[in-house]
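Have the viewer open and follow along.

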Amino acid sequence: MAVQGAQVVGRVAQLLRLVGRKPEGMSLAGLVRESGLTRPTVHRLLTSLAAEGLLEQDAGKWVLGSEIFLLGSVAAARFPMEDIARPSLRRLAAETGESAFFSIRRGNETICVLREEGAFPVRSFVLHEGVRFPLGVASAGTAIMAFLPPEEQESLLEKWAAHAGDFAVGHPAGVVRDNLERTRLAGYSVNPGLILEGSWGMGAAVFDQQGQPAWALSLTGIEPRFRPDRQEFLGRLLLEEAHRMTARLQGAS
């Protein structure tokens, strides 16, 4: 019974995460495909979650429900990252004109949790709140992975295809290794359209009180806005804000 209960909890958490990845919601068929669960199981769990207010249906798609918002509001009080990260995002967006993002590390993934739009009218829409990427994928995940202990990096690289999943095609292990090395040397990462052609990004890690990369700031935009002669300027701004956040976080009690 304990195993069955844990299995149900795991499946519920999986479905909530899948729905949370797409603000526009997910269809039943999409959730069945992404979760690997049977259609009856997914439908039964979705119905139960909806009865508790954790999910809702909107135009035939499943979206996060009002109870999730309430729970998130309570949890947010314990994690004051909005207050710490938002000023940096606003400065980055204002000074660069690009879209600025704040992502957190969760296990072997990064999750985008905050966004600030810049004034430049043409944007990349690869990244938005709730999007998850494997570590080593996208600029935030590369910035974080590059400063993990070497043995932890090797553990991920040794099983790269399984870790990166669908992103492994655009992020071969050799390319990732090179990107990690360049990131360690420069201090910031550059993603040259590996997720979507023409959509570039740059990121810098933010470190916790133990000196571990736990978060990342990033900028995304179209390729011409990330030409080589501008990367140094963008990288310097990212590092300045990442250092500012790290200092504040490490100085907090």
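How do the residues lining the second largest cavity divide into nonpolar, polar and charged? They split into four nonpolar, five polar and no charged, where Ala, Val, Leu, Ile, Met, Phe, Trp, Tyr, Cys and Pro count as nonpolar, Asp, Glu, Lys and Arg as charged, and the others, Gly among them, as polar.

Before going further, some ground rules. This is a predicted model, so to speak of a local feature takes pLDDT of at least 70 and side-chain atom pairs count only at pLDDT 80 or more, while totals for chains, interfaces and linings use all residues. Residues are numbered from 1 along each chain as its sequence is written, and side-chain values use heavy atoms, with hydrogens and water left out. Helices (H or I, at least four residues) and strands (E, at least two) are DSSP runs numbered from the N terminus.

**Empty space**

- Rolling a probe the size of a water molecule over the atoms shows where empty space is left.
- Two cavities of 30 Å³ or more turn up in the structure; on a 1 Å grid over the protein atoms alone, a cavity is a set of points where a 1.4 Å probe fits but cannot get out.
- The second largest cavity holds about 40 Å³ of space, with volume taken as the space filled by probe spheres set on the grid points, which are joined across faces, edges and corners.
- Its lining consists of Gly136, Val137, Ala138, Thr142, His171, Val176, Asn179, Asn191 and Leu194; a lining residue has an atom within 4 Å of a point.
- The elements that give two or more residues to that lining are α6 and α9.

**Helix α7**

- Gln153, Leu156 and Leu157 are buried in α7, which covers residues 150–158; buried is under 20% relative accessible area, exposed is over 50%, and partly exposed is in between (1.4 Å probe, protein chains only).
- Seen down the α7 axis, the buried residues fall within an arc of 100°, so they line one face of the helix; the arc is that of the directions from the helix axis to the C-beta atoms.
- An α-helix has 3.6 residues a turn, so residues three or four places apart point the same way.
- On the other side of α7, Glu151 and Glu158 are exposed.
- The buried residues of α7 pack against α6 (138–145), α8 (160–164) and α9 (173–186), with contact meaning heavy atoms within 4.5 Å.

**Strands around β3 and β8**

- Nine of the 10 residues of β8 (213–222) are buried.
- Strand β3 (99–106) pairs with β8 in the antiparallel sense over six bridges; two strands pair if DSSP finds at least two bridges between them.
- In that pairing, Ser99 stands opposite Thr220, and Ile104 has Trp215 as its bridge partner.
- Strand β7 (199–207) pairs with β8 too, in the antiparallel sense over nine bridges, and Gly203 stands opposite Ser218.
- β7 and β8 make a hairpin with five residues between them, where Gly211 in the turn has a positive phi of about 80°.
- β3 also pairs with β4 (109–116), antiparallel over seven bridges, and Arg105 has Thr110 as its bridge partner.
- The β3–β4 hairpin has two residues between its strands, and Gly107 in the turn has a positive phi of about 65°.

**Met245**

- Met245 sits in helix α10 (228–251) and is buried, with a relative accessible area of 1%.
- Leaving aside neighbours within four places in sequence, Met245 is in contact with Met81, Ile84, Ala85, Ser88, Phe102, Val206 and Leu217.

**Positive phi outside glycine**

- Ala59, in the loop between β1 (55–58) and β2 (61–64), has a positive phi of about 55° although it is not a glycine.
- Ala59 counts as exposed at 78% relative accessibility.
- Ala138 lies in helix α6 and has a phi near 70°, a positive value in a residue other than glycine.
- Ala138 counts as buried at 11% relative accessibility.

Conventions
1 Å grid on protein atoms, 1.4 Å probe; cavity = no way out; pocket = protein on both sides within 12 Å on 5 of 7 lines; lining within 4 Å.
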